[in-house]
Amino acid sequence: MAASSPDGRLLGLDRDTAAIETAHVQLALYSERVTLVHSSFNRLAEVAQSHGYVPADGILFDLGLSSLQLADPTRGFAFTIDGPLDMRFDSTADGLTAATLVNELSLQELMDTLYQFGEEVQARRIAEAIVDARPLYTTKELASVIERVVRRRGRIHPATRTFQALRIAVNDELSMLTAALPQAVGLLSPGGRLAVIGFHSLEDRLVKRFLRRESRDCICPPEVPACLCDHRATLRLITRKPIRPTADEIATNPRARSARLRVAERV
Ligand SMILES: C[S@@+](CC[C@H](N)C(=O)[O-])C[C@H]1O[C@@H](n2cnc3c(N)ncnc32)[C@H](O)[C@@H]1O
């Protein structure tokens with residue numbers, strides 16, 4: 001906020017009320033220039049309109065999970081700390097929890113979830129072990145079921161992909177992102193920039209495809225001899241390849257190691 005002084009304004013959205021509270025404290029110095037809203041990214045356009053943030057000069061999506069969420073045992077995001085199998089970003093919503101998925105999905109649905117959202121090649125083996133062991137209520141119970149059937153590969157814990165898959169499914173993260181990206185483009189002023197930091201390949205692939213498509217004048221399939229679509233580029237790519245953290249950054253913040261930043265500019 002110091003860089004946007006004296007009159008730059010910031011609208012921040014998060015599904016997590018705890019994140020909003022923390023941001024209020026951290027940004028207290030700039031409170032007259034900051035609006036923080038408890039909301040999902042898929043309501044970005046509506047929230048920006050209603051708080052007078054249209055058009056926007058820049059929009060940043062910092063996706064995924066925060067260190068605060070990961071460290072809080074009551075949230076159930078970490079397999080290293082025991083806690084309820086929750087994993088909701090928005091704990092005020094009555095919706096689905098990880099326990100619901102783990103205990104109520106059919107074997108096939110569980111396998112599909114682990115494969116689709118965790119790219120877990122051992123999805124069948126893990127899903128079968130979960131179905132045999134349920135009901136499961138805690139993160140440690142789930143992690144130990146997985147440890148029994150999957151051998152550790154290098155430094156990666158065998159439960160990593162399952163926890164990622166459940167978290168993405170509980171929060172419907174990919175649909176939220178799919179809905180939010182076009183809204184962001186619609187809010188930007190010409191020359192305004194859209195930046196997205198993703199933390200896994202599913203997110204990054206979705207962002208890459210969206211930015212590529214929006215930076216092309218024609219999106220007809222290659223076999224069509226003359227353009228039949230009315231598509232016009234709305235973005236210009238600033239990053240052709242994602243920006244990855246430097247070794248120094250990873251040394252000071254190891255959780256940044258999987259981050260990928262992509263940026264485009266509104267034309
Ligand atoms: C990587 S953290 C952001 C960390 C923050 N930039 C910081 O520096 O402390 C990602 C945040 O996005 C939030 N989040 C994830 N998906 C969301 C969505 N669809 N709508 C709103 N917030 C979301 C999570 O609750 C989490 O607080």
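A residue counts as buried when its relative accessible area is under 20%, as exposed when that area is over 50%, and as partly exposed in between. In this predicted model, glutamate 249 has a relative accessible area of 38% and is therefore partly exposed. Glutamate 249 has its place in helix H11, which comprises residues 247-252. Between the C-alpha atoms of glutamate 249 and leucine 206 the distance in space is 25 Å, while the two residues are 43 positions apart in sequence.

Threonine 97 can be read against the same cut-offs: its relative accessibility is 17%, so threonine 97 counts as buried. Threonine 97 is located in the loop that lies between helix H3 (67-71) and helix H4 (98-104). The side chain of threonine 97 makes a polar contact of 3.0 Å with the side chain of threonine 100. When residues up to four places away in sequence are set aside, threonine 97 touches Leu85, Asp86, Arg88 and Val170.

The surroundings of the ligand come next. The ligand is surrounded by 15 residues, of which Asp14, Arg15, Phe41, Asp62 and Gln69 are the closest. By type, the residues of this shell divide into six nonpolar, five polar and four charged.

| Residue | Side-chain atom | Ligand atom | Distance |
|---|---|---|---|
| Aspartate 14 | polar atom | oxygen | 2.7 Å |
| Aspartate 62 | N or O atom | nitrogen | 2.6 Å |
| Glutamine 69 | N or O atom | oxygen | 2.8 Å |

On its own the ligand has 600 Å² of accessible area, and the protein covers 73% of that area.

The cysteines remain to be considered. A disulfide is a covalent bond between the sulfur atoms of two cysteines. The structure holds zero disulfides. With regard to accessibility, cysteine 218 has a relative value of 28% and so counts as partly exposed, whereas cysteine 229, at 18%, counts as buried.

How values were computed. Residues numbered from 1 in each chain as written. Predicted model: local features only at pLDDT ≥ 70, side-chain atom pairs only at ≥ 80, totals over all residues. Heavy atoms only, no water. Near = heavy atom within 4 Å. Polar contact = N/O pair within 3.5 Å; in protein donor to acceptor, adjacent residues only side chain to side chain. Areas by Shrake-Rupley, 256 points an atom, 1.4 Å probe, with all protein chains shown as cover. Nonpolar A, V, L, I, M, F, W, Y, C, P; charged D, E, K, R; others polar. Disulfide = S-S within 2.5 Å. Buried < 20%, exposed > 50% of the residue type's maximum accessible area, 1.4 Å probe, protein only. Helix = DSSP H or I, 4+ residues; strand = E, 2+ residues; numbered from the N terminus. Contact = heavy atoms within 4.5 Å.
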